[in-house]
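Open the model in your viewer and keep the sequence panel beside it. The stops below say what to select and what is there.

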Amino acid sequence: MEIDPLPNGNSSVEGSTGATPAEAVAAMAAAAASNVSKLSDSLKLEHQFLRVPFEHFKKTIRANHRSVEKEVSAVMTAVQSASPDFDRNDVVSHLSSLVSRLQGLKRKIEEGSRAENLQVQRCRARLDHLESAGTDDMSEWNNMRLKRILVDYMLRMSYYESAAKLAETSNIQDLVDIDVFYEARRVIEALQNKEVTPALAWCADNKSRLKKSKSKFEFQLRLQEFVELVRADNNIRAIAYARKYLAPWGATHMKELQRVIATLAFKSSTECATYKVLFEPKQWDHLVDQFKQEFYKLYGMTLEPLLNIYMQAGLSALKTPFCYEDDCPKDDPLSQESFRKLASSLPFSKQQYSKLVCYITKELMDTENPPMVLPNGYVYSTKALEEMARRNNGKITCPRTGVVCNYSDLAKAYIS
């Protein structure tokens, strides 16, 4: 039985691992199955990767449909308005107007078709990207996923230009949602400037979806606009505004409505804590946060950045009471205040003390002989791997699977 040459040029597995070829092949198959299983679990977090462009595609279709319906209705009305009493000049003028409208309709349909095709292309690119996840070389795919996660984090933190630059240099524009976040950017910046008009327009565009999710965002915007009228001592306009825009919410939000209406009597200079808080600038920050939550839910995104979710998954395995003691090693991620803050809501790891024994040397792995992780996920002691690299010109061969890699490809593991 012959074995295909391995990446390092060896034609036999048995000589370097001590295992028979059949055992080596079986181990490789088991490792591949393990990798597929890990990949399957990881892809469960990729829900928004396909959901966002699909939701954007549906929104584009709805917007195009409304636009075309409006133009067609206008053309039909213009046709029906033609009168038998028109003279030659009136007829020519009327027909010219209809031709102009129809040309405008054609232009809108073409623009809408291009926008829809762009969304379809984006969905296809993402499907192709996910299909490529099962290939042998996962390093490039994982590197691209890391960049996608970083772009997602930058966009959520409002670093739009940096996110766009990273996406452009990495050629992953179709795999990230920059244009979707640019839509949110206009609303966020307007709210930060104490303007609600773009946010109300966004609510109108997504009215049915927000109503289905029982969102209170539009109501909160209306309340804030009322408060701003009271702050400006424009009580007459405030009362008229409440009758027109707040009264319809009374059946479901009476208590909140009554509380805000009472600001007419207390004014913005009040020291009463119940009403003073309604005039504080942080109310606008709350609106920004609420909009982000509604926006993420509308597009099927995770409420937390993907970067936080992945990091919390790792920190949950490292977090122990020892991490919060003064003598916590500096190479422990949880010795850093930023990581401690991120892990504050996570439970402690179930095992506070771990014992790892090296498969090769049978020696205990600890801080003096720390564990190292191979690209295929198997762990061995630093001493064993250093000795193996010294004998094989920097090459490491996994004794369980026969996978060959460079010593520089190893990653350090932390014992909790």
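**Stop 1: Val-373**

Select Val-373, which is partly exposed at 22% relative accessibility (buried is under 20% relative accessible area, exposed over 50%, partly exposed in between, with a 1.4 Å probe and protein chains only). Val-373 belongs to strand E3, residues 371-373; helices (H or I, at least four residues) and strands (E, at least two) are DSSP runs, numbered from the N terminus.

Before moving on, note that this is a predicted model, in which local features need pLDDT of at least 70 and side-chain atom pairs count only at pLDDT 80 or more, while totals for chains, interfaces and linings use all residues. Residues are numbered from 1 along each chain as its sequence is written, and side-chain values use heavy atoms, with hydrogens and water left out.

Which residues touch Val-373, leaving aside its neighbours within four places in sequence? They are Tyr-378, Val-379, Asp-409, Leu-410, Ala-411 and Ala-413, where contact means heavy atoms within 4.5 Å.

**Stop 2**

Go to Lys-362, in the loop between strand E1 (356-357) and strand E2 (364-365). Lys-362 is exposed, with a relative accessible area of 58%, and its phi is positive, near 65°. The charged end of Lys-362 sits over the ring of Tyr-359, 4.8 Å from the ring centre; this requires NZ of Lys or CZ of Arg within 6 Å of the ring centre and within 35 degrees of the ring normal. Lys-319 lies over the face of Phe-348, at 5.1 Å from the ring centre.

Lys-194 also deserves a selection: it is not a glycine, yet has a positive phi of about 65°. Most residues other than glycine have a negative phi. Lys-194 is in the loop between helix H7 (178-192) and H8, and is partly exposed at 47% relative accessibility.

**Stop 3: the aromatic rings**

Rings of Phe, Tyr and Trp (its six-membered ring) pair if their centres lie within 6.5 Å; planes under 30 degrees apart count as stacked, over 60 as edge-to-face and the rest as tilted. By this rule there are 14 aromatic pairs. One of them joins Trp-202 and Phe-217 edge-to-face, 6.3 Å centre to centre with 75° between the planes. Trp-202 is in helix H8 (residues 197-205) and Phe-217 in helix H10 (residues 217-231), so the pair ties together parts 15 residues apart in sequence. Trp-202 is buried at 4% relative accessibility, and Phe-217 is buried at 0%. Now select Phe-181, Phe-291, Phe-295, Tyr-296 and Tyr-299 as well: ring pairs link these residues with Trp-202 and Phe-217 into a cluster.

**Stop 4: the neighbours of H10**

Show H10 with helix H11 (residues 235-246): the two pack at about 165°, with axes 8 Å apart. Axes are lines fitted to C-alpha atoms, for helices over the stretch in contact, and angles run from 0 to 180 degrees between N-to-C directions. H10 is therefore roughly antiparallel to H11 (under 35 degrees is roughly parallel, over 145 roughly antiparallel, 65 to 115 roughly perpendicular, the rest oblique). Contact residues include Phe-219 and Leu-223 of H10 and Ala-238 and Tyr-245 of H11.

H10 and H12 pack at about 15°, with axes 10 Å apart, which makes H10 roughly parallel to H12. Among the contact residues are Gln-220 and Val-227 of H10, and Leu-257 and Ile-261 of H12.
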